[in-house]
Structures are given as structure tokens and as C-alpha cells.
Amino acid sequence: MSDRPTLPPVRLPSDAELARDALVTPLLARAVRLARWAGPQTRVGAGGELVEEQLPAAAEALGLTPDDDGAAYASEAWRVAVDTGLVVVDDPQDGEGDEDGGDGDGGLVEAGGQLALVTGGAPQDVLALWLDALETALADATAPLLDDLADVLDEDGDLDFESLDWDPQREAEFLDGVLGNLYLLTVTEGGAGDAPVPLPALAASMIVPDDMGEPTDDILEQVSEAMMRLDDQFRVLEPIGLVEYQPVDEALMAEEGDSEPVAMGDDEDVSRYGMVKLTPLGLYGVRARMLEAGLDAPAVGDLTDKGADALLDGVAHYPEASARAETQRWLARREPLPAARELLAAAKGTDAGSPLRRLHCQQALSLVGADAEPAVREVLDDPELGGLARVWLAERGAADVPAPPEPMIFWLAVDTIAAQLDAAGGGDLDELQELVEGLTSQHSGFFDAAWRVQHPATPEVLEAMGRLHRDKRVAKEARKAAFKARSRTGD
């Protein structure tokens, strides 16, 4: 069988559309505004952060009230501006001093090279900038919650991380896992799709063991605690455009009491407990981080510039709609007749993945349409493609389609079932069961001929037919034929 991708393919807007979305995300837009506002007179601390006296002016530059909330927004946006290179803070020790700016502890501020990309860069440049901003937002989201700063300062006034019970790697891995599950729910056929996911379900996906029946009170408490942590984190991540988030209803926390975890009642409106979905930009961002981590996270369009062999292997285990979309994009870049010939050439072979390649080749040729007919007729005598060619021509009502020789009929039957077995991958076999029973009812003595078929998958196909057929007598015939086929091939 072909190697299966780790994740289903995601369908993303164009880079240009995603870049436009990125530039209007509140957090990046604020960072850009502060980068344009900043200059040599901007006073920063030793770590490059805006000094406290500078925050009201920064908030006003963002059109915000210069109060604590405005200062917090300004501080957050400034962090993004520095981390992404929208502004550069030069160490005064590397220059002539700080008479032109700084506060004696920090450095001099100037526009960074990345600022020009906002208006003059390609979409990929803007998206790279946004991904850098996302990393800053994720770091903020996984930072410890400091409810009472005095409790976590050591005797020198520095943060005492040991007293926080905070493991940055653990926090980052948990949030990555949550985002990974949300991504999977979004891209999986039959999953959440564009619908938001309830926060309790997302938290439970990380906490509750798969084999657990009724969750214990301890597990439920862990889920509740995870929900509240995620509520804080998604509030942080929404301004960077990663998610659309409906927060937990604050009235619930008041009802439960500050010291009690939030528990969901049987008849509660689940939306009160928070609802979250990845935006298209969020899907792009999570996928980019997965790819960087070495995961196989395909996207529709990945195969557009590759050969037909890569296309047919690549879409082998895509959901039907994604496979069709990928193939349509591939065909749109090519002339119909050469594309048909390339597809047919790529469909040949006797390896384990070849039956499924031929199935997807036939589906691709249906998208090419009548222009493919000359290429299809060229392979009528090919032992591997001749049956496929006849089926395709017959489905289009073509004239002068030669009748297939009997060996080709049975070879095509074995090839088709092998492809369907590979496509099912042990999943839903109802449709395949109908195919198997239909074939055996149409051809008397099917198994007498089938075990002789010179196809590498013949033994496996006959064994599968023995498992799938609901008539015990026919199933026994299939198993006997499988034994004969194995004896013939020496397997």
C-alpha cells in the first residue's frame, strides 16, 4: 500500500488572500502602527521594552485610551514589533551613546527592515512576518499567570520560576497539542469543518484517555482546569488572527465560585463554555508549524507543479473532494492531451500502490473530458491499462470500443478490488462488499478464473473476498481460490 499522509490535506486560500488577512489582524496591525510611530526619541528599557512613561503615548498612537488597558495593548504590540524586526533597538554600547534617545538602560530605536515588507513585500514575505508575530503571541499565551506578583518574587526582586510550578516546555507542548487537535477536527472529512468546537470537547481531547469510559472526578477536574487555561490562551491568540473565539461566559465562573472548577451540566448551553475555530490564517499558521516540526501536513495545491506520478501517489488517500480539487488544479496548468498521456504512463506498474493509481487516473481522465480520448485509445492493448481504457470509453458512450478479452476482464476485477481495499484502509467496507458480491453474481465460475489472474494482488484480493462475502458457500470458494493463487505464486 502507499504511505498514508499523517493528516488529511487542508484547503487554504491563496497566499495573497492570507497576506491581506494577516495585515488586518489587530495585533500585527498595532505592531505596524507602533513601528511607524517610533523613532530615536522613543525610550526603551534594557530588554528593548517600552519604558512605563512611554506607554501612554504609545497607546494614544494606537488610538487607545492611555489607561492600564491601553498600556497593556501597546506593550504587547511593541513586543511583536521588536520580535518581528519591524523596529530595531540598537544597543547604545555599540554606538556613540544615548544622547539621542534611550533612558540610560535601553537603546536607540529605528525602523527595521521588515517594515518595508508591509507595503512592498510579496505575500510570502508578509506571511513570514505574521508567522514571527504568531510565535510571540504563542509565547505570551503560554507564559505563567501572575495573579499576585509579590508571591513569585525572590529576595532580589526577580521572578522565582520554581515557585510558579511552570514548565515552559510542558505548556508549549500542551498548547501545540490542542492546536493540532483543532486542526485535525477542522480538516478531517466529517469533522468540525468550519463549525466552532466546544472548549470542553477540545480540553477533553487532551486529558481524557481514549480507552476511558466514564471520566473520574479527578479527570473532570483536570478538564475543567484545562478549559480555563485555554480560555485565557485563546483570548491572547485571537488578536493575532489564529482563532475565532467565543470566551467562557464569565457568569459561569461567578456561579461556580472562584475556588471551584467550571463544570458543565447535562442541560447546559455548550456555547457558554467557550467555542473556538481556526481561521483560514490559523490553519495556515498551525500547518506551517507542523511542517517545521517535520510532520506530513499536505495542502491542496502542493502537487500542482509535480509530475503525474507524484499527483496519483499524492492523492491516493485524500478524501474525494480534496483529491478532485488537487487534480483539477493540476490539470488547469496543462494541455489536456499531453496531460492524459502523462497520467496513463504514471498509472502503469505492478507495485502495491499501482491499483489505486489506476483508479485515480481513471477519475482524473474523467475531468479531462473528450480531449483525452486519443490518449486512452492508445492504451487499449496495454494489459494493465486496456480494461481501464474500455471502461472510460464506454462511460463516455464512445463508438468502436473493442470487447475486452476474458483475461483482461478478470485482471481488471482484481485490480479494481485491490484499489478499493487500499482506499478503504481497513475502514468502511460496505461499498466494497457490494462490489464483491456484484462481481461474483455476474460471472459464474468467477473464482475458477480469478485465481489464475497474473496480478500481484490476486491472493490478497481473493482472501478479502472470502472475508467480505456474506454467502458462506461463496466465501469458502474465495478462500480456496486464494490458497490456489498463493500456491501458484509460491507465496
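Which residues gather in a patch of negative charge on the surface? They are Glu52, Glu53, Asp67, Asp68 and Asp69, and the sections below place this patch within the rest of the structure.

## Basis of the model

This is a predicted model, in which local features need pLDDT of at least 70 and side-chain atom pairs count only at pLDDT 80 or more, while totals for chains, interfaces and linings use all residues. Residues are numbered from 1 along each chain as its sequence is written, and side-chain values use heavy atoms, with hydrogens and water left out.

## Overall picture

The secondary structure of the protein comes to 22 helices and five strands, where helices (H or I, at least four residues) and strands (E, at least two) are DSSP runs numbered from the N terminus. Of the 491 residues in the protein, 43% are buried, a term that stands for under 20% relative accessible area, with exposed meaning over 50% and partly exposed lying in between (1.4 Å probe, protein chains only).

Among contacts (heavy atoms within 4.5 Å) with a separation of 6 or more, 66% are between residues 24 or more positions apart. Aspartate 296, found in the loop between helix 11 (280-292) and helix 12 (308-314), is 290 residues from threonine 6 in sequence, yet their C-alpha atoms are 5.4 Å apart in space. Aspartate 296 is partly exposed, with a relative accessible area of 35%.

## Charged patches on the surface

Patches are made of residues with over 30% relative accessible area and no salt bridge, like charges being joined within 9 Å and nonpolar side chains (Val, Leu, Ile, Met, Phe, Trp, Tyr) within 5 Å. A salt bridge, in turn, is a side-chain nitrogen of Lys or Arg within 4 Å of a carboxyl oxygen of Asp or Glu.

In the negative patch, which includes Glu53, glutamate 53 lies in the loop between helix 2 (26-37) and helix 3 (55-61) and is exposed, with a relative accessible area of 57%. A positive surface patch is formed by Arg452, Lys476, Arg479, Lys480 and Lys484; of these, lysine 476 lies in helix 22 (residues 472-489) and is partly exposed, at 48% relative accessible area.

## A buried arginine

Arginine 390, in helix 17 (residues 386-395), is buried yet has no salt bridge, and the nearest side chain of opposite charge, aspartate 381, is 4.6 Å away. Leaving aside residues up to four places away in sequence, arginine 390 touches Leu380, Val401, Pro402, Ala403, Pro404, Pro405 and Met408.

Key
Lys and Arg count as positive and Asp and Glu as negative; His and the chain ends are not counted. Accessible areas come from the Shrake-Rupley method with a 1.4 Å probe; for residues, only the protein chains shown count as cover. The place of a charge is taken as NZ of Lys, CZ of Arg, CG of Asp or CD of Glu.
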